[in-house]
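Welcome, and take a moment to turn the model around before reading on. The paragraphs below will walk you through it step by step.

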Amino acid sequence: MKIASTLLTIVFSTGVSFAFTTVADFNSVAGTNVRLDQAPTNSTGTGFADGSVWNGGGTSLVDVIAGDLSAPAGTNYDRPQSTGEGPRKVELEHTTAAPYDGGNNGSRAVGRDLESTVSTGEAWISFLINVPTGTDGSLSAVSFNTPNTYTSLGDRMTVGGGANGTLYFAPFGLQTGTVFTADSVITANSDNLILARLDFDTDTVEVWANPDVANLGAANISNSMPATVSSGLSRLTVGGNNDAELDNMLLLGCLGKDAIVYLYLITLMPTWL
């Protein structure tokens, strides 16, 4: 599959160079209702460190199940997922009465080391979530540089969305420090797109919920990047609770800076990356 000529023109005209691309759409997993942290499922994805696997404290509550998530039509985001073994996504099964607490009682999570560490330029990450309301609501999130000994999202930088309609950016985890939010931007029981830009030259993070990637406006949340990430991003962790779902996670490390290149890339990227 070829990248469209429009994309090639943008890439070569801007002079932006890409350090690495990491994709986890989980569609290479042969079975369903299987633990993400157990072999052979734990090796799914591309752009991760050689020999690394999805792990995190031995939790049994992060599973791969049947189905794909899709970005809302208004986002104009349509990066195709790989065909592989069939549609797959992650389900976060931990049951909790404190869904918006990312600590040990509020979430379960597993992570994997990246093939390259990004500490200059910028990185863009996008992922899809579906957060059911249930009795207590639910949370689906990605955390950054969370140690592989953690069973939860823990106390590291976290970006995610909740069934209460809230977008979260927690520089030091959802349990500790100030948590920055944007209300009424996540739709419960529906698929949502979360997009974040990490600028390692200015140590800032911008986060959008369900943006129009063809006309990206101001971020819903913009704040400082914590030292635990600004020193170098080397690991991504997926986590949450109460049967929330996560899918189609894409990380692009850029040595240069141009948001438009990224936005075209995530829309047109071939599925074999």
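This is a predicted model: local features need pLDDT of at least 70, side-chain atom pairs count only at pLDDT 80 or more; totals for chains, interfaces and linings use all residues.

The chain is built from three helices and 15 strands. It has 273 residues, and 54% of them count as buried. Its accessible surface comes to about 10,200 Å², with 48% of that belonging to carbon and sulfur atoms. If you look at contacts with a separation of 6 or more, residues 24 or more positions apart account for 73% of them.

Let us begin with the aromatic rings. Five aromatic pairs turn up in a search of the whole structure. In one of them, the ring centres of W124 and W208 are 5.8 Å apart and the planes meet at 20 degrees, so this pair is stacked. Because W124 belongs to strand β6 (residues 122-130) and W208 to strand β12 (residues 204-209), the pair ties together parts that are 84 residues apart in sequence. Are these two residues buried or exposed? W124 counts as buried, at 1% relative accessibility, and W208 also counts as buried, at 5%. Elsewhere, ring pairs link F26, F48 and W54 into a cluster.

Strand β6 is also the place of L128. This leucine is buried, because its relative accessible area is 2%, under the 20% cut-off. Leaving aside its neighbours within four places in sequence, L128 is in contact with several residues, among them L69, N192, L246 and D247. As for A141, 13 residues from L128 along the chain, the two C-alpha atoms are separated by 9.5 Å.

Now for the charged side chains. Side chains of opposite charge can pair when their charged atoms come close. In this model, the count of salt bridges comes to seven. One of these joins R235 and D113, with N and O 3.0 Å apart. R235 lies in strand β14 (residues 233-240) and D113 in strand β5 (residues 108-118), so the bridge ties together parts that are 122 residues apart in sequence. The two partners can be described separately: R235 is buried, with a relative accessible area of 6%, while D113 is partly exposed, with 34%.

E122 is buried, with a relative accessible area of 1%, and R197 counts as buried at 16% relative accessibility. R197 forms a salt bridge with D199 as well, with the closest N and O atoms 3.0 Å apart. Which residues do salt bridges with shared partners join into one network? They are E122, R197, D199 and E206.

Our last stop is D25, found in the loop between β1 (18-24) and β2 (34-35). D25 is buried yet has no salt bridge. Beyond its neighbours within four places in sequence, D25 is in contact with residues including R79, Q81, S82 and R88.

Methods. Residues are numbered from 1 along each chain as its sequence is written. Side-chain values use heavy atoms; hydrogens and water are left out. Helices (H or I, at least four residues) and strands (E, at least two) are DSSP runs, numbered from the N terminus. Buried means under 20% relative accessible area, exposed over 50%, partly exposed in between (1.4 Å probe, protein chains only). Contact means heavy atoms within 4.5 Å. Accessible areas come from the Shrake-Rupley method with a 1.4 Å probe; for residues, only the protein chains shown count as cover. Rings of Phe, Tyr and Trp (its six-membered ring) pair if their centres lie within 6.5 Å; planes under 30 degrees apart count as stacked, over 60 as edge-to-face and the rest as tilted. Lys and Arg count as positive and Asp and Glu as negative; His and the chain ends are not counted. A salt bridge is a side-chain nitrogen of Lys or Arg within 4 Å of a carboxyl oxygen of Asp or Glu.
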